[in-house]
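Colleague: I am new to this one. Could you walk me through it, one question at a time?

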Amino acid sequence: MVHLFRTSLGVMALAAASFGLGGGAQAANGPFLAHQALYDLSLVKSRSKSVNSARGRILYNFAGSACEGYTSDFRQVSELDSGEGKVTLSDLRSNSWEDAAGKSYRFKIETRMNEADAGRVDGSAERDGDHINVKLKLPAPKTFTLDGKIVFPTEQIQRIIAAAKDGKSLLELSVYDGSDDGQKVYNTLTVIGQPIPADRATSSDPSTADEHMKSLKRWPVTVSYFDRDAQQKEGEQTPVYAMAFELYENGVSRQLVLDYNDFVISGAMGKFDIKDSKPCN
C-alpha cells in the first residue's frame, strides 16, 4: 500500500503530462493553455489483496508563457483502504517552474503520510552544455550532475506532442522531476496511438464540453516509468508505474488511468477552468 505514496512523488512528471504542461496549443492567448483542473480518483481494479478501496483528488493549476516560463501547482490527496480498518492517507503538494527552453527547473515538494512529519524536497537544476547541474537544499544540501540528455517535465510533454504530430508511435526519454529524494531519474517509454478526430463521439467531461477543446485533435497515450538505477544495476524492465490518458494537442488531457502494478486508479475530470494568460511582448 505504501507503494502508491512512495511512487506518487514521481507522478509529478506524469502530472505535467496529463494536466496541461503541453505545447503546440491552439489557445487564443498563446501556445500554452493556462488552466485549473480537478480530478476525482477511484479504484478501477486490484490485482492483489493489499487494496480494497481507494479514493482521492488531484488539483492542478498551470500558468505562464514562453517569455516568463511555466509554473505548476499540484496537490494530490489519496486514501487507500487495505481492509480491517487499515487506512493510509497521503497528501502530496508540489510547486515547480521551468523555463521555455528547458534549461532551468526549480521545484519544491512536500509529502505527508498519515500523521507523520512531512518529507520535503527543495532544489533546482540548470542545463550547462552536455550536463545538468542539480543543487538540492532539502532533504539535505547536495550538488551533483546529470546527463544532459535528460529532460525536465515540460520538455518531456513538448516532445510527446511533437512525436504524435509527426506520426510516431514510440518515444523514449529520461526524465528528471525532483521526485523522491531529489535524486531520482526515470527512464520513460511513451506509446502513442492513432489520433482521435475532434468530432468523434466520446463520454463527456468538462474538457470535452469546453469550446476551446471541441475542435482539437487528441491522441491516446501511455507513459511507462522505469527506475533508471534499478535498470542499470539489475537489468529491471518492469515499470514502477504507468499512466494512460488522452492527450490533446494543446497539452490538456482526459481519462487518466494510473497503473501501480498491484492496483489501478482512475482520475475523472470533475472541473476544468481556463485561465487568462499574458502573451509575450
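Predicted model: local features only at pLDDT ≥ 70, side-chain atom pairs only at ≥ 80, totals over all residues.

Colleague: Let's start with the rings. How many aromatic pairs does a search of the whole structure find?

Modeller: Rings of Phe, Tyr and Trp (its six-membered ring) pair if their centres lie within 6.5 Å; planes under 30 degrees apart count as stacked, over 60 as edge-to-face and the rest as tilted. Searching the whole structure on that basis gives a total of nine.

Colleague: What kind of pair do the rings of Tyr186 and Tyr225 make?

Modeller: The two ring centres are 5.5 Å apart. Their planes stand at 65°, so this pair is edge-to-face.

Colleague: Which strands does that pair tie together, with Tyr186 in one and Tyr225 in the other?

Modeller: Strands here are DSSP runs of E, at least two residues long, numbered from the N terminus. The two tyrosines are 39 residues apart in sequence, so their pair ties together separate parts: strand 10 (residues 185–192) for Tyr186 and strand 11 (residues 218–227) for Tyr225.

Colleague: Is Tyr225 buried or exposed?

Modeller: Buried means under 20% relative accessible area, exposed over 50%, and partly exposed in between (1.4 Å probe, protein chains only). Tyr225 has 0% relative accessibility, so it counts as buried.

Colleague: What is the geometry of the aromatic pair that Tyr225 forms with Tyr241?

Modeller: Tyr241 lies in strand 12 (residues 241–248), 16 residues from Tyr225. Tyr241 is buried, at a relative accessible area of 1%. The centres of the two rings are 5.3 Å apart with 15° between the planes, and the pair is stacked.

Colleague: Which residues do ring pairs link into a cluster?

Modeller: Tyr186 pairs with Tyr225, and Tyr225 pairs with Tyr241. With its other members included, the cluster consists of Tyr186, Tyr225, Tyr241, Tyr260 and Phe263.

Colleague: On to charges. How many salt bridges does the structure hold?

Modeller: Side chains of opposite charge can pair when their charged atoms come close. A salt bridge is counted when a side-chain nitrogen of Lys or Arg is within 4 Å of a carboxyl oxygen of Asp or Glu. The total for this structure is 13.

Colleague: How many residues apart in sequence are Arg47 and Asp259?

Modeller: The side chains of Arg47 and Asp259 form a salt bridge, at 2.9 Å from N to O. Arg47 is partly exposed, at 45% relative accessible area, and Asp259 is partly exposed too, at 21%. Arg47 sits in the loop between strand 1 (35–46) and strand 2 (53–65) while Asp259 is in strand 13 (residues 253–259), so the bridge ties together parts whose separation in residues is 212.

Colleague: Now the backbone. Which peptide bond is cis, with omega about 5°?

Modeller: One place to look is the loop between strand 7 (131–138) and strand 8 (142–147), where Pro139 lies. The cis bond is the one that joins Leu138 and Pro139.

Colleague: What value does phi take at Asn261?

Modeller: Asn261 is in the loop between strand 13 and strand 14 (263–274), and is partly exposed at 30% relative accessible area. Phi is positive there, although the residue is not glycine, with a value near 75°.

Colleague: Last one: which residues form a negative surface patch?

Modeller: For a charged patch, residues with over 30% relative accessible area and no salt bridge are joined when like charges are within 9 Å. One member, Asp128, is in strand 6 (residues 119–128) and is partly exposed at 42%. The patch is made of Glu126, Asp128, Asp130 and Asp147.

Definitions and conventions. Residues numbered from 1 in each chain as written. Heavy atoms only, no water. Patch = residues over 30% accessible without salt bridge, like charges linked within 9 Å, V, L, I, M, F, W, Y side chains within 5 Å. Areas by Shrake-Rupley, 256 points an atom, 1.4 Å probe, with all protein chains shown as cover. Lys, Arg positive; Asp, Glu negative; His and termini not counted. Charge placed at Lys NZ, Arg CZ, Asp CG, Glu CD. Helix = DSSP H or I, 4+ residues; strand = E, 2+ residues; numbered from the N terminus.
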